[in-house]
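Have a look at the model first, then read on.

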Amino acid sequence: MDSIQEMDNSSISQDGVASHAPSSSSSTTSRYENQKRRDWNTFMQYLKNHRPPLALSWCSGAHVLEFLRYLDRFGKTKVHTPICPFYGYPNPPAPCPCPFRQAWGSLDALIGRLRAAFEENGGKPEANPFGTRAVRLYLREVRDLQSKARGISYEKKKRKRPSSAHQQTPSLPLPPPRPPPPGAC
């Protein structure tokens, strides 16, 4: 168990040296923060292994798109091509040779975490390669392609409006009417 805690408390810097953060039981990081850190380390490792190696300051939206296409190799969502006989069927009846890809929702969440991590690691919001127009268009294209391939149209979720308080509380019986005052008629 100690080795798992050590792995969670360590991070790899850009030069490949592991550094350990002090573990404290009072300040545990959230699941989101842990995932954001892992995603950031994965992206930094990708830049380091890029040929030629890339510095973060030279990273552009094109490099982010290259990274997202690289991640498709590890996807688990089957995306039917337009020539597949099961294109447009949500539950195909038989296997097909269509490729596996990263799901749109996973990519969208990943980009959100990386956008936040970029700024937390000293990047300027206006220079954030994860927020470029090309990345937004790519995500929209992936979403549309995957929804058509599955035969399920994507519709933006509508916000639930909180119902008013008088609808939530049960209605109470009305008090009986007061008798008229004496001498009134």
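The chain exposes about 14,300 Å², and carbon and sulfur atoms supply 56% of that. Keep in mind that this is a predicted model.

**Overall layout**
- The chain has 6 helices and 4 strands, which run along the sequence in the pattern α-β-β-α-α-β-β-α-α-α.
- Of its 185 residues, 26% are buried.
- Take the contacts with a separation of 6 or more: 59% of them come from residues 24 or more positions apart.

**Salt bridges around Lys36**
- The structure holds 4 salt bridges.
- In one of them, the side chains of Lys36 and Glu33 meet at 3.2 Å, N to O; both residues sit in helix 2 (residues 31–49), 3 residues apart, or about one turn of the helix.
- Lys36 counts as buried at 3% relative accessibility, while Glu33 is partly exposed at 32%.
- Lys36 also pairs with Glu120 through a salt bridge of 2.5 Å, N to O.
- Lys36 is in helix 2 and Glu120 in helix 4 (residues 104–120), so this pair ties together parts 84 residues apart in sequence.
- Glu120 is exposed, with a relative accessible area of 54%.

**The Arg113 pair**
- Arg113 forms a salt bridge with Asp39, with the closest N and O atoms 2.4 Å apart.
- That pair links distant parts of the chain, Arg113 being in helix 4 and Asp39 in helix 2, 74 residues apart.
- Both ends are buried: Arg113 has a relative accessible area of 16%, and Asp39 has 8%.

**Network**
- Through shared partners, salt bridges join Glu33, Lys36 and Glu120 into one network.

Key
Residues numbered from 1 in each chain as written. Predicted model: local features only at pLDDT ≥ 70, side-chain atom pairs only at ≥ 80, totals over all residues. Heavy atoms only, no water. Helix = DSSP H or I, 4+ residues; strand = E, 2+ residues; numbered from the N terminus. Buried < 20%, exposed > 50% of the residue type's maximum accessible area, 1.4 Å probe, protein only. Contact = heavy atoms within 4.5 Å. Areas by Shrake-Rupley, 256 points an atom, 1.4 Å probe, with all protein chains shown as cover.
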